[in-house]
Each structure stands twice: as structure tokens, then as C-alpha cells.
Amino acid sequence: MAIGAWFATEFDEPVPARELPAMFASGGDPEVLLADQVARGVAILGRVQGESGAVVLKVRTGGRPVRVRVDLHVDGASQTAWSRAAAPARGMRELPRLVMVRAQGSDRAAALISRQRGRLRMVEAHAWVEFDLRSDEVGDDGLLIIEVVDGTPPPWAATALSPLAAIGVRINQVEIVAIEEGEQRGGSARLAGAAAQLAGFVSAGGLVGARGRGQGHPRSRFIVVNATDTTVRCRVRISAATAPPAAVRQPSQKWLRRQQGQTVLKAFRVAQRGAGYALFEASPFTRPPHPDRLAVRAVHLVGGTECRVSATTQTEDTLDVVIERAAPGPVLVGLTERDTPGVRRRVAETVCQVIELECRR
Amino acid sequence: MWLGADKKEFEAFLDSADVYWRKNLGSTPSRNYLLVEVFHQDIRVAMRNLAVANAIRRIVPAQLVVVTGVEQMWHDALWTEFDVKLVERIAAAYGASQVIDLYRLVEGPANSATPSSVPVELFGRPLTPGASISEETLAEFVSATYCRVTKRPRPPENPTTDPRYRRRQALARAISSAYDALLGTGSAVALVTSHVDYDHWGLAVDSARRAGVSVVHTQQTGCLKAYALFPENDTGEHTFRGELTHQIGAFFEQRVWSRRAEVRRNAELVAWRSKVNLGRPSWWRGGASASVDITSSEERARLRTHFAARLGFDPARPVVAVFNHAVSDAPGTNHQSFPTLADWFEETAQFASTATEVQWLFQDHPSQFRYDSTDFFDSVARRYARHRHMVFQPSKDLSKNGLWSLVDLGVTVRGSVSNELPAYGIPVIQAGWSEWSECGLSTVVNDPETYWKALDAAISAMLNGEEIISAEQVERARLWLWFYRSATDLFTPQVPHWEVWPADYLLRAVRTSFRHIESDADPVFEAVERMWTRREPVLTRTDLQVPGGVR
């Protein structure tokens with residue numbers, strides 16, 4: 001008898017598999033098993049607690065290929081959980097999180113999630129990823145493992161992205177639908193930025209707000225392209241944004257951990273944000289660089305090899321980035337300034353926003 | 001005493017305890033006494049000791065004598081705050097006639113040239129020490145205590161060069177002689193202790209055993225759990241825990257295994273509940289919601305592929321998990337196959353480096369930082385960093401689901417995984433004894449030679465796809481879970497479950513019990529009486545009679 005035969009007891013109830021199309025939106029459902037370091041949610045699937053987190057969904061695919069859509073979400077509690085584990089030093093900033101979504105043990109899609117920095121408050125961010133599984137990938141056991149792990153950024157991007165990126169990320173819901181054999185996502189499509197992020201073709205910080213409807217302000221100089229087509233054209237708008245806020249830190253003093261202390265800290269953070277914004281508005285060093293002065297680099301997040309990318313300047317502040325992918329899997333695109341940066345790092349940073357996406361076969 | 005409790009709550013608790021015990025126990029003219037230690041800063045530990053002690057005093061009239069105290073090295077290693085004044089007040093509320101500050105008593109003699117002459121007075125009369133401890137046993141206690149307070153896996157080559165070691169030696173000599181005086185008078189009824197290792201606990205147990213005094217050992221988990229060693233059942237061949245291992249084994253065989261059909265369903269329920277973390281002794285695993293969600297071999301296979309990829313293992317080949325101990329935790333407290341826990345771990349790693357046909361996962365103890373300051377685990381890990389078939393990691397990095405889906409064989413000395421894993425069909429080899437090691441749920445080896453043989457045999461069996469755990473072992477392991485978590489876990493309103501915390505909640509619960517619940521038929525009195533009069537090795541929730549009715 002193989003190990004595992006004794007795992008069940010008389011008190012374990014048989015867990016049914018869900019039929020397609022399936023929507024998993026609560027961690028309390030019996031079809032949701034927690035594989036690894038995820039806290040069960042009630043109105044969401046769960047929240048990643050460790051360096052990676054995995055849930056197992058029981059779903060009956062009936063031997064059909066499926067399309068999986070995952071809604072990831074970063075909120076204030078994500079940052080608190082992150083700071084508990086990462087113990088950021090004074091002066092560290094809240095950087096964008098690059099996370100990889102894996103299914104059945106292999107990398108599928110990546111997401112770049114970053115909270116929008118409002119004038120006073122930070123606004124939570126949603127990111128969607130979507131990927132297809134072949135008919136043989138979910139077996140008769142009906143177990144689908146969805147895992148959220150740290151993306152591995154290349155050295156040129158590593159310092160600008162958050163370490164331990166997966167800690168605290170919410171897995172809000174997972175939607176699974178059956179698709180036809182050979183059906184491909186996307187195809188020749190031209191989408192606006194928000195629609196492209198919603199469809200999971202690109203990820204550039206995620207959509208903002210608790211429901212995630214709009215793109216909000218641009219907030220990082222990175223884009224993750226998940227569209228499966230070999231050539232993807234991305235039109236981005238270059239601008240400057242305030243420097244990211246200081247990372248949430250765990251208060252060292254006992255009294256600061258109490259309710260009143262937390263209120264004081266919160267007020268302090270709000271004031272800090274306001275001051276940052278005022279400084280940004282007043283500073284003469286916040287003009288975004290001309291697109292000509294930007295270098296574009298891209299890397300395959302699976303395998304870590306460089307990806308061919310070219311950029312053509314369109315207008316004063318827009319740039320067309322064309323990615324020609326050699327291998328499948330997500331691609332991380334980053335903008336860097338060729339020479340000394342025109343903006344003062346402590347006040348502002350160069351950011352970009354996807355305004356149009358075109359996939360070509 | 002370390003107590004994050006509201007002052008008012010604490011005063012009210014003391015007040016109600018005082019009234020309760022005055023009315024339920026009263027004073028006795030007897031000159032006999034019962035010795036209780038309060039060396040642990042946690043009030044939950046003290047409460048358990050005192051509750052058991054008073055329950056015994058209801059059967060055997062005796063005075064209550066409390067030993068307590070704190071000392072710098074122990075304070076640095078373990079305690080955050082230890083307030084002897086608070087201990088004195090709690091002891092008085094539970095009816096103690098005398099509180100002895102042991103460390104104040106032995107401080108003078110330990111600094112003098114003759115540490116073994118300690119003037120001990122009880123009820124105003126000086127006591128004369130009885131027969132003293134053997135040099136060999138004393139040296140073992142000194143070494144174990146030294147390792148513990150300095151957080152190292154084994155004593156250095158020449159420990160006497162360290163002044164801390166010499167201080168522990170002098171202290172141990174003085175402490176032992178004080179205990180010989182306290183327990184060797186013939187008037188001591190019993191010793192109630194929360195720990196049985198190191199100098200201020202272990203030496204008391206040793207003195208008690210030599211003087212023929214019963215020892216009751218309360219546990220720091222569940223509601224109220226206690227083991228007892230009575231002089232008439234003490235063979236004197238093993239350590240305290242070694243003796244109990246035999247007795248618990250026999251008790252389990254006679255009273256639990258024999259009625260397996262009757263309690264099978266209860267055992268199943270405990271096994272089901274144990275899939276999540278039921279608290280100390282905790283099986284800490286990654287994730288706050290450590291639970292096992294997989295229920296079959298197919299599900300295990302799916303997760304195994306997933307976790308094997310993360311650790312760089314081949315899911316098709318067997319995985320052996322070696323669970324490192326808190327390396328300085330009570331060295332030599334029970335029989336071990338290897339001289340120290342560190343020797344066992346290092347030699348197992350050495351063995352693993354040559355056994356490449358299987359993969360080895362070395363898991364470190366989650367509380368190791370409290371027990372090791374020498375970077376022991378990482379130093380061993382570095383030695384084998386180039387071996388791809390060996391992975392070293394803290395146990396919290398792997399969730400319970402991950403562990404269960406990977407491990408094909410567990411290896412430990414006395415860790416609680418050796419009763420957890422077999423309950424779910426994963427075989428375990430134990431290189432030493434533990435409470436359950438004679439209950440037939442794991443493969444227990446007594447010396448290095450049989451240990452290597454057992455490992456070799458298990459590995460070749462796994463490679464041949466043979467079964468190395470029997471259905472009976474699984475059943476016994478589930479019965480043990482029931483025995484541990486239910487049959488020997490006594491619930492009484494005056495000792496709330498260990499998890500009733502923080503201190504304010506606990507004190508309020510106990511105060512309510514003292515003030516509002518009539519004490520008639522409080523289970524603690526009945527259960528302690530049963531254990532005491534029948535000389536049973538363990539406190540039981542219900543009367544586990546021997547089938548057939550003969551006692």
C-alpha cells in the first residue's frame with residue numbers, strides 16, 4: 001500500500017470536484033485545498049503567507065483543455081505582512097512586486113503589482129493573469145495546483161523590484177473555463193492599456209481600486225508581457241511620478257504597536273505622502289526624459305535569457321516597444337535612462353504606462 | 001514570575017484561590033510535607049504543579065513546601081522576568097506553609113570551598129542531608145545544564161577551563177545536597193515537578209528517587225497531564241523518563257491496545273483533528289494555518305511532484321526526512337543511541353552523503369535559536385552543500401502538506417514526528433526512547449549498529465517498493481494520539497487548557513472556577529486519587545480498567 005492510503009480518516013468527508021466552468025472565490029469552499037503557506041480567505045481564496053504560496057483546486061475537466069484566470073491583489077495588509085517577513089531597513093521603499101504564477105509545477109504567467117501612490121493614500125492594485133492548460137495537464141484526479149512565487153528579475157532590474165514579492169499577495173479568485181482544442185488566446189488584437197491588463201496580456205502595476213477598473217497613474221518603469229504571440233507591440237507613455245513611499249515597517253516600540261500608536265504612524269505616513277507630493281510638484285527636476293534618451297531591455301522570465309526588443313519614438317512622450325519573443329512565457333520589459341538621470345531619485349522617478357497593445361501572429 | 005496580567009485580576013485570583021484551598025483543604029497537623037517546584041516563569045506551569053500537589057494533599061495530609069528561585073545564567077538563557085515575590089504569593093494562595101528560595105540558599109555554599117554543606121531549615125528545624133549523589137550522575141547533570149544554559153550541542157573538550165562550568169559544578173553540588181536534605185528526611189510525601197532535567201529540576205528528581213519519594217511530573221500541554229514514578233515501580237536502571245517509557249508502554253499495551261475495538265472511532269476523531277496543529281508539543285510547519293488537506297495517494301503524488309521540484313528532488317525516488325532536535329534540549333534525559341543529539345545528527349548526515357540512492361531532507365527544529373548559539377545545523381549543512389541529494393532547511397519552510405507528500409521515511413531520536421507520521425502511514429525510525437517508544441508505532445533502535453542496519457533495511461525496502469509500516473503500527477499510532485490527547489488529558493475547571501491565554505483570560509477563568517463552581521467531584525481530585533492509590537504511571541481522564549477486571 002502506497003503512502004497516502006492512511007491519510008484519510010473516517011471523519012474526512014469526500015471532496016467533490018467542481019464542474020466547468022468553475023469559479024473559485026472563497027477559501028472556505030471544500031474544493032479548495034491549501035497546499036502551501038496560504039491563509040484561507042472567506043470572500044477571497046486566500047493570502048500568501050510565505051515566500052511562495054500554493055492552493056489546490058479540485059475541478060473536473062473531463063479531458064478538455066482549460067483556460068485559467070487568476071485575480072491577484074495587493075492591499076495594505078499585504079504590505080504589513082511583507083514587512084513582517086522582509087524586515088525592511090529604514091529608507092527602503094515600497095517597490096513593485098514581480099510575482100510568477102505557476103500551475104502544475106511550471107511557470108505560466110507573471111504579474112507586476114504595485115499600489116498607486118495617491119496624494120495622501122496608497123490605493124490597492126489588482127492584477128490579472130490568464131493562461132491555458134493542455135488537456136493532459138489536469139489529470140483524472142482533478143487537482144489543479146496554482147502557486148504564486150517570486151519572479152526572478154534579471155540583475156539590471158533586481159534592485160528596482162521588491163524582494164520576497166509573493167508574501168502577502170491575495171489570490172482573490174480563480175476562474176476556469178473549458179476551451180476548444182487548439183484555441184489560442186488573443187490573436188491579432190489591438191487593445192487599450194486597461195483592457196490589456198484586464199485581459200492579462202500585460203501587467204504594468206495592475207488596475208487600481210478595490211475592484212480594479214482603471215489604470216490609474218503610471219507607477220513603475222517595468223512592464224510584464226504575458227501575451228503568447230511571438231511579436232507584441234506595446235505603446236507606452238513616459239512620465240515622471242513621485243518617488244515610491246517608504247516601505248511599511250514594523251514598529252519597534254511596544255506602544256507604537258497599539259491602537260493609538262498605529263493611528264499616529266498612519267497620520268505620519270499620510271503626512272509623509274503629502275510632503276512627498278508637495279516636493280514633487282515644487283521640484284524643477286521632475287521633467288520626464290525624452291523617449292530618445294531611454295534604453296529598453298527585455299528578458300524572458302522563464303530561463304532568464306535576453307529577449308529581442310526594439311523601440312521607436314512616436315511623440316514627445318510616447319514610445320513604441322516591439323517585443324520579438326524567442327521562447328514562450330512572460331517577458332519583463334524595463335526602461336532605463338542612457339546617461340545621467342534627469343530626475344532626482346529622491347523626489348521622482350521615470351515611469352511608464354501602457355496605452356495600447358497590439359499582438360501579431 | 002513573568003506575568004503580563006492586570007494587577008486587579010491577579011489580586012482577585014489570589015484571593016479566590018486562597019479561600020478555595022482554605023475551605024477545601026484546610027490546615028493539617030501533619031509534619032509530613034510535599035515538595036513542589038516553581039522554577040518556570042510561566043504561571044500555567046506553576047498552576048499545574050500546585051493543582052496536582054493539592055489534589056494529593058487531599059488524600060495524604062501534608063504541608064505544602066514550594067522551592068523556587070532564579071539564577072543569572074538561567075535567567076539569561078531562558079527567562080524574561082522571574083519574580084520570586086510573585087511566586088511566594090501564588091504559593092501562599094495555594095496553601096503553602098513554606099517557600100524556599102533555592103538559589104539564595106545555595107549561593108553562599110556554592111561560592112565556598114565546601115559546596116555540599118548547605119544548611120537547610122524546614123518549619124524552623126534544621127535538616128540533615130541524606131546519602132549524596134554519585135559523582136558520575138552529578139557530572140552528567142552539570143554537563144547537561146552547562147550545554148543548555150550556554151546553548152551548545154555538546155560540552156567542549158576541557159570544560160573545566162570555563163568559569164561558567166565550574167560555577168555550574170559548585171551550584172549542582174550545593175543544589176543536590178539541599179535536595180538530599182529536603183527529600184531525604186522520611187517526611188517528604190512526594191515531589192511535584194514540571195521538568196525532570198538540568199540541575200534545579202533533575203537533581204530534585206534524582207534525590208527523590210534515591211530517597212524513595214514518589215515523583216509526579218506535570219506536562220506543559222493540554223488541560224492537565226501528568227506522569228508519575230512511584231518508588232515501588234522504580235527499577236533504578238534508567239533515567240526518570242527511561243523508567244516511564246517502560247511503564248507507559250506496558251500501560252498502553254494492557255489498557256489501551258486491548259480495548260482498541262472500543263475506542264477506534266474516538267481515535268479516528270483525534271487523528272482527524274490532529275491534521276491541524278493541536279498545540280504543544282507542536283509540530284510547527286510552514287504557514288500559520290498548518291493543516292493537512294490531502295487525503296489520498298493520488299493527491300499526494302500530485303503535490304509530491306510540485307514540492308520535489310522546489311527542493312530539487314526527483315519525485316520518483318524515495319525521500320528520507322531527518323528531524324534535527326533542539327540540540328541542547330535535555331541531553332541524556334532518556335536513552336539515546338548516540339552519546340549526544342549532535343553526534344546522531346552529524347553521523348546521520350555522514351551516512352546520508354554515501355546513501356545516494358535515496359534523497360535526504362534535513363529539517364531543523366523551529367525553536368533552535370533558543371537552544372543553539374553555535375550555528376550547528378548550518379555548519380553541518382555547509383559540509384554537504386555540494387551534495388544534490390541532501391537538502392537542509394528550517395522546518396518552517398515546508399508546510400505540513402509538503403512534508404507529508406514528500407517524506408517516505410522519517411528519522412528522529414525522540415521527536416514528536418515519530419508519533420505523528422505513523423498515525424498517517426509514514427514509517428519512522430527512532431534512534432532513542434520517548435514516551436511512546438514502547439507502544440509499537442515506530443522502529444526503535446538502541447545502539448548505532450542497529451541504527452545503521454535499520455536505515456539500510458528501510459532504504460532497500462523502499463527501493464524495492466516494499467511496505468515498511470504495518471496496519472497495526474498505524475492503528476497503534478492513532479491510539480497513541482487518542483491516549484495522549486484524550487485519555488490522559490484531564491479537564492478540570494481549575495486548570496484551563498494551555499491555550500487559554502493571555503494571562504488575564506486564564507486568571508479570570510480560574511477565578512470563576514474557584515468562586516462559582518462547587519468543588520464536589522472535581523475530576524482532578526478523583527483522577528489524582530486514582531493515580532496515587534493504584535500507583536499508575538499516568539494521570540487518566542477516566543478509569544481505564546484492565547479488561548477482565550483483575551487489578
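**Labels and their grounds**

Q: What makes B:Arg535 count as partly exposed?
A: In this predicted model, B:Arg535 has 14 C-beta neighbours inside 10 Å. A residue is buried at 20 or more and exposed at 12 or fewer, so B:Arg535 counts as partly exposed. B:Arg535 is found in the segment after helix H19 (523-534) of chain B.

Q: What is the phi of B:Arg535, a residue that is not a glycine?
A: The phi of B:Arg535 is positive, at about 55°. Most residues other than glycine have a negative phi.

Q: Where is A:Gln37 found, and is A:Gln37 buried or exposed?
A: A:Gln37 sits in the loop between S3 and S4 of chain A. Its C-beta atom has 30 others within 10 Å; the cut-off for buried is 20 or more, so A:Gln37 is buried. A:Gln37 also has a positive phi, about 45°, although it is not a glycine.

Q: How do you know that the peptide bond joining A:Leu20 and A:Pro21 is cis?
A: The value to look at is omega, which is about -10° for this bond. A:Pro21 is placed in the loop between strand S1 (18-19) and strand S2 (22-24) of chain A.

Q: Which residues of chain B does a cis peptide bond join?
A: The bond is between B:Trp501 and B:Pro502, with omega about 10°. The loop that holds B:Pro502 runs between helix H17 (471-487) and helix H18 (503-516) of chain B. As a rule, most peptide bonds are trans.

Q: Which residues of H7(B) and H8(B) meet?
A: From H7(B), the residues include B:Leu171, B:Ile175 and B:Tyr179, and from H8(B) they include B:His200, B:Leu203 and B:Ala204. By class, this contact has eight nonpolar, three polar and three charged residues.

Q: At what angle do the axes of helices H1 and H4 of chain B cross?
A: The axes of H1 (residues 7-24) and H4 (residues 84-93) of chain B cross at roughly 35° and come within 8 Å. B:Leu14, B:Ala17 and B:Asp18 of H1(B) make the contact with B:Arg89, B:Ile90 and B:Ala93 of H4(B). Four of these residues are nonpolar, none polar and two charged.

Q: What makes S10(B) largely enclosed by the rest of the structure?
A: Six of the six residues of S10(B) are buried, so the strand is largely enclosed. B:Gln359, B:Leu361 and B:Gln363 point one way from S10(B), while B:Trp360, B:Phe362 and B:Asp364 point the other way.

Q: Which strands pair with S10(B)?
A: Five bridges join S10 (residues 359-364) of chain B to S11(B) in parallel, and B:Asp364 stands opposite B:Pro394 in S11(B). Strand S9 (residues 319-323) of chain B also pairs with S10(B) in the parallel sense, over five bridges. There, B:Val319 stands opposite B:Gln359.

Q: What makes S11 and S14 of chain B edge strands?
A: Strand S11 (390-394) and strand S14 (443-444) of chain B each pair on one side only. The open sheet has six strands in the order S11-S10-S9-S12-S13-S14, with parallel pairing.

Q: Why is one side of S15 and of S21 in chain A left without a neighbour in the sheet?
A: Strand S15 (189-192) and strand S21 (308-313) of chain A each have a single partner strand, so one side of each is left without a neighbour. Their open sheet has the order S15-S24-S19-S22-S21 and antiparallel pairing, with a twist averaging 30° from one strand to the next. Four bridges join S15(A) to S24 (residues 348-360) of chain A, and A:Arg190 has A:Glu358 as its bridge partner in S24(A).

Q: How many residues of chains A and B are in contact?
A: 27 residues of chain A touch 33 residues of chain B. S3(A) gives the most to the chain A side, with four residues. By class, that side has 16 nonpolar, six polar and five charged residues.

Note on methods
Residues numbered from 1 in each chain as written. Chains lettered and ligands numbered in written order. Predicted model: local features only at pLDDT ≥ 70, side-chain atom pairs only at ≥ 80, totals over all residues. Axes fitted to C-alpha atoms, helices over the stretch in contact; angles between N-to-C directions. Helix = DSSP H or I, 4+ residues; strand = E, 2+ residues; numbered from the N terminus. Contact = placed C-beta atoms within 7 Å. Nonpolar A, V, L, I, M, F, W, Y, C, P; charged D, E, K, R; others polar. Pairing = 2+ DSSP bridges.
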